[in-house]
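Here's a quick briefing to read with the model open next to you.

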Amino acid sequence: MDVIFDIIATEEKRQREGLELIPSENYVSRDVLAAMGSVLTNKYSEGYPDFDGLTTDDEATILASKKPDRRYYGGQQNTDKVERLAIARACKLFRADHANVQPHSGAQANNAVYNAWLEPGDTVLGMNLGHGGHLTHGSPVTQSAKIYNFINYGTVAETGDIDYDELERLAHEKQPKIILVGYSAFMKVPDFERVAKIGREIPGCLLMADMAHVAGLIAGGVHPNPLDFGFHVMTTTTHKTLRGPRGGLILTRGVVGNPLKRPEHTLENIPTLIDRSVFPGTQGGPLMHVIAAKAVAFGEALAPEFQTYAAKIVENAKTLAAALMERGFYCIGGGTENHLMLVDVYKSFGLDGKVVERTLDEIGLTLNANAIPNDTLPPFKPSGIRLGTPAITTRGMGEAEMLRIADWMKQVVDICVRRRDGEDIEIAKPELARLREEVREMALQFPLPSDK
Ligand SMILES: *Cc1c(COP(=O)(O)O)cnc(C)c1O
């Protein structure tokens, strides 16, 4: 066997014996894994399964459909069914008029929306990366930042919430073509209604929400859905709280038309503009094995148990945040309203996030160092750590486990503080080894979904 399979087996062991606290990660089901590892990867399916979108979400009707497709290769009898089901389930899950299930990733989904709606030089108003936004929302290192003009709103230090007054002022002043709400290190629930109201006052402004982190919470009914407040587009990844395969998804409200005919550039036509922008605008052949896995994951998210899961993610996050704060960790925004928390370890303990990340990794707790709003430390050694509960909740953990995790984190931080103050690195090694064993022991009591 290829050595790659040994490496995969070792990775599986790492995942099984550690606790995944990175808020953008999760563990998929066996069925999702199986669809991804299927012969669908052999198939080219450029184009779309339909001329004019789906007219039903009834799965039996979809499976019996004889509608012609809009593909560039033959042999699509099965791939059409897979993609139609993926689209129908995504629309149902998020109350959308249309879904494009082809983006290879969240970044691809965002680029496709920009490409669908903007001309070079047009202005996008999005959240500042340093305040919790995402690289794809205008970081100068990205391709989109070379093409479009990104401007940023930030958050308010005291509350951790979006600075809506700043957002409103910038929107009126700069007349952006897109107002974008989305983030990867933000712990509040946005006021979509207020942002939609601001956007409606700007002519030709597309309201876009990048819900990559919280899509699973929206699907599970524990977080508002921006489409319900008049947002035109919602992009997301499918692999974070949504617990599907690694990939992207674009949901829209509007009129669905033939993707081969260029529609007028109106907000109503955004579903068709986006289809044309994903393919052939920004991508070639779709990953049908991944689209099949997306369909399986959407099916799982439509089941009632997913609502329980989503509610438990938030409950666990609140428990963990409260336990950390009790132990001296300063949580930005005073805790969390979703699945993640941002902790200022510099303010709490005089440590940088990187050293805390590395030392926690030694005991099997995985999370990431993260900049905090207005960080005074450099990006590779920021003041914060970011952590969340989607993955550990998938494993079935609850309050007792959150408290143990908070205890372990405090013990590790204490070691970091002693080392900073000059303690020899060897002294705490046995203590770290003991903590590593405790983490492993607890992790093994909660099997991965793929082990069940
Ligand atoms: C994760 C994330 C993305 C990017 O997703 P990839 O699949 O890694 O490209 C985009 N936007 C936000 C807000 C994210 O959190």
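Let's start with Ala196: leaving aside residues up to four places away in sequence, its contacts are Leu207, Phe229 and Phe231. Keep in mind that this is a predicted model.

- Ala196 sits in helix 8, which runs over residues 192–200.
- Its relative accessible area is 0%, so Ala196 counts as buried.
- Ala196 and Ala301 are 105 residues apart along the chain, and 27 Å separates their C-alpha atoms.

**Helix 11**
- Ala301 also turns up among the buried residues of helix 11, a helix that covers residues 288–302.

**The ligand site**
- What's around the ligand? There are 14 residues, and the closest are Gly106, Ala107, Asp210, His213 and Lys240.
- By class, that shell is made up of nine polar, three nonpolar and two charged residues.
- Helix 5 (residues 106–117) gives the most to the shell, with three residues.
- On the ligand's oxygen side of things, a polar backbone atom of Ala107 is 2.8 Å from an oxygen atom of the ligand, while a polar side-chain atom of Ser105 lies 3.4 Å from a ligand oxygen atom.
- Asp210 pairs up with nitrogen instead: one of its polar side-chain atoms lies 2.5 Å from a nitrogen atom of the ligand.
- On its own the ligand has 390 Å² of accessible area, and the protein covers 85% of that.

- Some background first: most residues other than glycine have a negative phi, and most peptide bonds are trans.
- The peptide bond from Phe279 to Pro280 is cis, with omega near 5°, and Pro280 lies in helix 10 (residues 270–282).
- Arg243 isn't a glycine, yet it has a positive phi of about 65°. You'll find Arg243 in the loop between strand 9 (233–237) and strand 10.
- Asn374 isn't a glycine either, and its phi is positive at about 55°. Its loop runs between strand 14 (368–370) and strand 15 (384–388).
- Which of these is buried and which is exposed? Arg243 has 17% relative accessibility and so counts as buried, whereas Asn374 is exposed, with a relative accessible area of 55%.

**Thr366**
- Thr366 belongs to strand 13 (residues 365–366).
- The cut-off for buried is under 20% relative accessible area, so at 13% Thr366 counts as buried.
- Not counting residues up to four places away in sequence, Thr366 touches Arg14, Leu19, Glu20, Leu21, Ile22 and Asp361.

Terms used:
Residues are numbered from 1 along each chain as its sequence is written. This is a predicted model: local features need pLDDT of at least 70, side-chain atom pairs count only at pLDDT 80 or more; totals for chains, interfaces and linings use all residues. Side-chain values use heavy atoms; hydrogens and water are left out. A residue is near a molecule or strand if one of its heavy atoms lies within 4 Å of it. A polar contact is a pair of N or O atoms within 3.5 Å; within protein, one must be able to donate a hydrogen and the other to accept it, and residues adjacent in sequence count only if both atoms are side-chain atoms. Accessible areas come from the Shrake-Rupley method with a 1.4 Å probe; for residues, only the protein chains shown count as cover. Helices (H or I, at least four residues) and strands (E, at least two) are DSSP runs, numbered from the N terminus. Ala, Val, Leu, Ile, Met, Phe, Trp, Tyr, Cys and Pro count as nonpolar, Asp, Glu, Lys and Arg as charged, and the others, Gly among them, as polar. The expected span of a helix is 1.5 Å times one less than its number of residues. Buried means under 20% relative accessible area, exposed over 50%, partly exposed in between (1.4 Å probe, protein chains only). Contact means heavy atoms within 4.5 Å.
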